[in-house]
Amino acid sequence: MRTQVCIIGGGPSGLLLSQLLHRRGIESVILERQTRDYVLGRIRAGVLEQGLLRLMDEAGVGGRMRREGFEHAGTLIAYGEEMFRIDFVEHTGTPVMVYGQTEVTRDLYEAREAAGGIIEFEVEGVAIHDADRDAPYVTWRQGGAEKRIDCDFVAGCDGFHGVSRRSIPEDARREYEKVYPFGWLGILSETPPVNHELIYANSPRGFALCSMRNENLSRYYVQCSAHDKVENWSDDEFWAELKRRIPGHVAEGLVTGPSIEKSIAPLRSFVTEPMRWGRLFLCGDAAHIVPPTGAKGLNTAASDVHYLFSGLTQFYELNDAEGLDLYSERALARIWKAERFSWWFSQLMHRFEDQTEFDRKMQIAEMELLRSSEAAQKAMAENYVGLPY
Ligand code: FAD
Ligand code: DHB
């Protein structure tokens, strides 16, 4: 087999890149370790920035998202019994869109399939060869057979635990990491959201987030111990804990019900540099992770796809490698700012076990500043809706 771009990973980064390339006549093949249903069953991101909306439109898959997604003009921040609102539209002119990652992925799979795109599922033992030479190739096992594909470029879109980043020799990359001493326990329930906008809550018992997917599908999270297990939490315990962490008048309106999904996500900040090695380009979670506070993960994956897509089209259409040469630098410049925002918002919203009295006072002062300062709210809004690209 031969293709122009071999894409490892059929998550949102890989699918979006493949679909965008297809629209410009550039061929790709996607190799995905899991089944299609498994990828579609993963409940993850829910808030999309304008940049991702534009890319979905450009990829020809924005229709359902534009019809069924919900524009959010602001968000609520609660601490203890206090609550205030940050208006994104007032401060930046821009809303965000609530539309689930599962739906983004579904729209992209359907478009790839309709266009006859090749996606190989349940691939094992993927290995990238000769990425530092002119003719890279990728091998894998599938249904007992050994397979190989030759390509011009490899796009490593295989998430944090994928093989792409680890294919770059250790002495050619540098990793920066911060692991937080807690996780997020999330549930999805077929109940109306407690509020029409998201509520990020800092309570003495820890962080909580009230989010949603649509009028009858809610997504809630509570900060939990890093070692906690989903089995330790019955639905009743989850609802009781959530109620204790949001202002009383909000908790009164909370409609509870059985969970249809429950999972724990660890919190981590991570960046690898550079994001390119020869003809291998890392994209999305393969290159960086943010803690989920602020909803930047999928959105940073999208900005990487944008830079890589424009570098590849410049290469194929104009025979100019400049965009590819600048890919890592351009992507990282935006990534580090999203890392900063997610780190800052995480520090502000969570309870840290080792927090000193001084640290706690700093957190309260920061919250007071955000509540009372137009400038602080504008800075928050600018980052939340997404820095331009
Ligand atoms: P992934 O989605 O991880 O996709 C990688 C794909 O590669 C997977 O399908 C995987 O099976 C495949 N793969 C892995 N290894 C191999 C291999 N060796 N060979 C072949 N295939 C392989 N982000 C936001 O922007 N907003 C949010 O609101 C938000 N909320 C989140 C909430 C939670 C609970 C979590 C966990 C994450 C959240 N994120 C959010 C982050 C977001 O989900 C990720 O950043 C996003 O999925 C990254 O996409 P990706 O395609 O780069 O990686
Ligand atoms: C969701 C996740 C986030 O990390 C966030 O900041 C906002 C919303 C969600 O899953 O709905």
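A polar contact is a pair of N or O atoms within 3.5 Å. Keep that cut-off in mind as you explore this predicted model, where an oxygen atom of ligand 2 sits 2.6 Å from an N or O atom in the side chain of Tyr221.

**Around ligand 2**

- On its own, ligand 2 has 290 Å² of accessible area, and the protein covers 96% of it.
- The shell around ligand 2 counts 14 residues, and those that come nearest are Tyr200, Ser211, Arg213, Tyr221 and Pro292.
- Sorted by class, this shell holds eight nonpolar, three polar and three charged residues.
- Two strands, E15 (206–214) and E16 (217–225), each supply at least two residues of the shell around ligand 2.
- Strand E15 makes the largest contribution to that shell, with three residues.

**Around ligand 1**

- The side chain of Arg44 has an N or O atom 2.7 Å from an oxygen atom of ligand 1.
- Backbone atoms take part as well: a polar one of Pro12 lies 3.3 Å from an oxygen atom of ligand 1, and a polar one of Arg33 lies 3.2 Å from a nitrogen atom of ligand 1.
- Ligand 1 exposes 1,000 Å² when taken alone, and the protein buries 90% of that.
- Helix H1 (12–23) and helix H9 (297–318) are the elements that give two or more residues to the shell around ligand 1.
- Helix H9 gives the most to this shell, namely three residues.
- Among the 32 residues around ligand 1, the nearest are Ser13, Glu32, Gln101, Asp285 and Leu298.
- By class, the shell around ligand 1 is made up of 14 nonpolar, 11 polar and seven charged residues.

**A sheet of three strands**

- Strands E3, E7 and E4 form an open sheet in the order E3-E7-E4, with antiparallel pairing.
- Why is one side of E3 and of E4 left without a neighbour in the sheet? Strand E3 (47–48) and strand E4 (70–72) stand at the edges and each has a single partner strand, so one side of each has no neighbour there.
- Strand E3 is joined to strand E7 (residues 96–98) by two bridges, and the two strands run antiparallel.
- To find this pairing in the structure, look for Leu48, which stands opposite Met97 in E7.

Technical notes:
Residues are numbered from 1 along each chain as its sequence is written. Chains are lettered from A and ligands numbered from 1 in the order in which they are written. This is a predicted model: local features need pLDDT of at least 70, side-chain atom pairs count only at pLDDT 80 or more; totals for chains, interfaces and linings use all residues. Side-chain values use heavy atoms; hydrogens and water are left out. Two strands pair if DSSP finds at least two bridges between them. Helices (H or I, at least four residues) and strands (E, at least two) are DSSP runs, numbered from the N terminus. A residue is near a molecule or strand if one of its heavy atoms lies within 4 Å of it. A polar contact is a pair of N or O atoms within 3.5 Å; within protein, one must be able to donate a hydrogen and the other to accept it, and residues adjacent in sequence count only if both atoms are side-chain atoms. Accessible areas come from the Shrake-Rupley method with a 1.4 Å probe; for residues, only the protein chains shown count as cover. Ala, Val, Leu, Ile, Met, Phe, Trp, Tyr, Cys and Pro count as nonpolar, Asp, Glu, Lys and Arg as charged, and the others, Gly among them, as polar.
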